[in-house]
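Subject: Structure handover

Hello,

Here is the structure I said I would pass on. Please open it first; my notes follow below it.

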Amino acid sequence: MTPQEETVILEARDILGRYLSQNPVIGSWQALMDYCAFSVRGPIERFHVLYLDRKNRIISAELLSTGTVDHVPVYPREVIKRALMLNASALILIHNHPSGDPTPSEADLSMTKEIQKGCRYLGLTLHDHIIVGAGTELSLRAFGKL
């Protein structure tokens, strides 16, 4: 990636952040994919969470963890603790695969199940876990894994 391209990406992320703060409802699949495309893709794995209220308005869009080219540490306890601190009702997990292949790993599936269990126990809704690849996204809900 050239320095100019990197600058454009950072500016696009800033614009999207301002847009989300002005229009805090993820009202469509396309809006969610636009968020993923600008905020999550990159050369290292990044784990984001959208914390939502009862009407699916964004309370907070957060980068919770940054990893390496093929791994990002995620702690279900911290994901859920943050949801409780924000008084969120629901969440959407999002992370990227720098390899470009959005196929979930066993670790991705296991971590998602742990977060889902904690959410169920505490009355939170886990809407989805989106894995972002190169120009494509995979929804674990649509994939039948959530």
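To start with a question: about how much of a helical turn separates Lys81 and Glu78 in helix 3? The two residues are three apart in that helix, so about one helical turn lies between them. They form a salt bridge, with the closest N and O atoms 3.4 Å apart. Lys81 is partly exposed at 39% relative accessibility, and Glu78 is partly exposed at 36%.

Please keep in mind that this is a predicted model. The protein chain has an average pLDDT of 87, and 92% of the residues score at least 70. Helix 3 has the highest confidence, with a mean of 96, while helix 1 (residues 3–22) has the lowest, at 73. Where pLDDT is low, the predicted coordinates should not be read in detail.

Salt bridges

There are five salt bridges in total. One of them joins the side chains of Arg41 and Glu137, at 2.6 Å from N to O. Arg41 sits in the loop between helix 2 and strand 1, and Glu137 in strand 5, so this pair ties together parts that are 96 residues apart in sequence. Arg41 has a relative accessible area of 23% and Glu137 one of 24%; both are partly exposed. Another salt bridge links Glu114 with Lys117, the closest N and O atoms being 3.0 Å apart. Those two residues are three apart in helix 4, about one turn.

Strand 3

Strand 3 is mostly covered, with seven of its seven residues buried. Ala90, Ile92, Ile94 and Asn96 point one way, and Leu91, Leu93 and His95 the other. Strand 3 pairs with strand 1 in the antiparallel sense over six bridges, and Tyr51 stands opposite Leu91. With strand 4, strand 3 runs parallel, joined by seven bridges; here Ala90 stands opposite Thr125. Strand 3, helix 4 and strand 4 form a right-handed β-α-β unit.

Nonpolar cores

The largest nonpolar core has 22 residues, and Phe47, Tyr51, Val79, Leu91, Leu93 and Ile115 have the most contacts inside it. Strand 1, helix 3, strand 3, helix 4 and strand 4 each supply at least two of its residues. Helix 4 gives the most, with four. Leaving aside residues up to four places away in sequence, Val79 touches Phe47, Val49, Tyr51, Leu64, Val74, Leu91, Leu93 and Ile115. A second, separate core has 13 residues, including Met33, Tyr35, Val40 and Leu50.

Regards

Conventions
Residues numbered from 1 in each chain as written. Predicted model: local features only at pLDDT ≥ 70, side-chain atom pairs only at ≥ 80, totals over all residues. Heavy atoms only, no water. Core = buried A, V, L, I, M, F, W, Y, C linked by side-chain atoms within 4.5 Å. Buried < 20%, exposed > 50% of the residue type's maximum accessible area, 1.4 Å probe, protein only. Contact = heavy atoms within 4.5 Å. pLDDT = per-residue confidence, 0-100. Pairing = 2+ DSSP bridges. Right-handed = clockwise from strand over helix to strand, strands pointing away. Salt bridge = Lys/Arg side-chain N within 4 Å of Asp/Glu carboxyl O.
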